[in-house]
Amino acid sequence: MKYDVRQLPLLSNEEIAPGIFDMRLEYRQDDLPVACGQFAHVYVPGKSLRRPISVCDARGGVLRLVYQVKGEGTKIMSRMQGGTVDVLAPLGNGFSVTAGRRYCLIGGGIGVPPMLYTASQCENPLIITGFRSESAVILQDDFKALGETLLCTDDGSAGEKGFVTDLLRAHINEIDEVCACGPTPMLKAVAAVCAEYGKPCQVSLEERMGCGVGACLVCAVKVRQNGEEVMQHVCKNGPVFNAEEVVF
């Protein structure tokens, strides 16, 4: 894989929910095409390590990175306005989508953004998003423009009260395969439902990263291959894995 650092013009960087920002960068898809589920590694001034951010969208000459402020690095990112942003992208292996299949795309919390670009690559997707409460809900209008969209919250303040797995079970016979991104407990639960009903499932794992290209061991996870448990890198071998391979 070719790794290119580029200076991308910053078009906008706006807060779309408390602590959630939508960064939009000028980007040429014909230069290095982005696959759904890949991520970008963003340089933050004054920090030695880049911040890995899932690609929310990459259409129309704009690279969207929707991220949550969690620490000092992302707080610095949230204050960026104008100029250019130093980005290493695209990185990782994304979701594999095949024509003629109906995908159920599931996102939980800050794992919701990468499902937007994935939805744009699917035919008639069923999109399920889950959040803690109404204040954390994002991107619903964007999703509704791409397919049937279902929303749930833990407390019932928006959409249906419950979890993404509740909605998945209710619609499991309408879909062929599942792609999911979110907290590990959610991914484990989604994978279990898919295994129960015999539906293929791809999951995008969230792990802390150092280099982003497989040179360090920060993002190592345990997976099953050929009947054995081995360690692989989320940044290079993933972030997307077949759910049955992951040792949750």
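Contact here means heavy atoms within 4.5 Å. The model is predicted, with local features needing pLDDT of at least 70 and side-chain atom pairs counted only at pLDDT 80 or more, while totals for chains, interfaces and linings use all residues. Residues are numbered from 1 along each chain as its sequence is written, and side-chain values use heavy atoms, leaving out hydrogens and water.

**View 1. Strand E1 and its two partners.** Helices (H or I, at least four residues) and strands (E, at least two) are DSSP runs, numbered from the N terminus; two strands pair if DSSP finds at least two bridges between them. E1 (residues 5–17) runs antiparallel to E6 (residues 84–91), joined by five bridges, and Leu8 has Val85 of E6 as its bridge partner. Six bridges join E1 to the antiparallel strand E2 (residues 20–26). E1 and E2 form a hairpin with two residues between them, and Gly19 in the turn has a positive phi of about 80°.

**View 2. Asp86 in strand E6**. Asp86 is buried, with a relative accessible area of 16% (buried is under 20%, exposed over 50%, partly exposed in between; 1.4 Å probe, protein chains only). Beyond its neighbours within four places in sequence, Asp86 is in contact with residues including Val5, His41, Tyr43 and Arg50.

**View 3. Helix H5 and its cover.** The buried residues of H5 (residues 184–197) are Met186, Leu187, Val190, Ala191, Val193 and Cys194. Seen down the axis of H5, they fall within an arc of 160° (taken from the directions from the helix axis to the C-beta atoms), so they line one face. Their cover includes strand E7 (103–108), helix H4 (164–171), strand E11 (177–181) and strand E12 (201–204).

Key:
Expected span 1.5 Å × (residues − 1).
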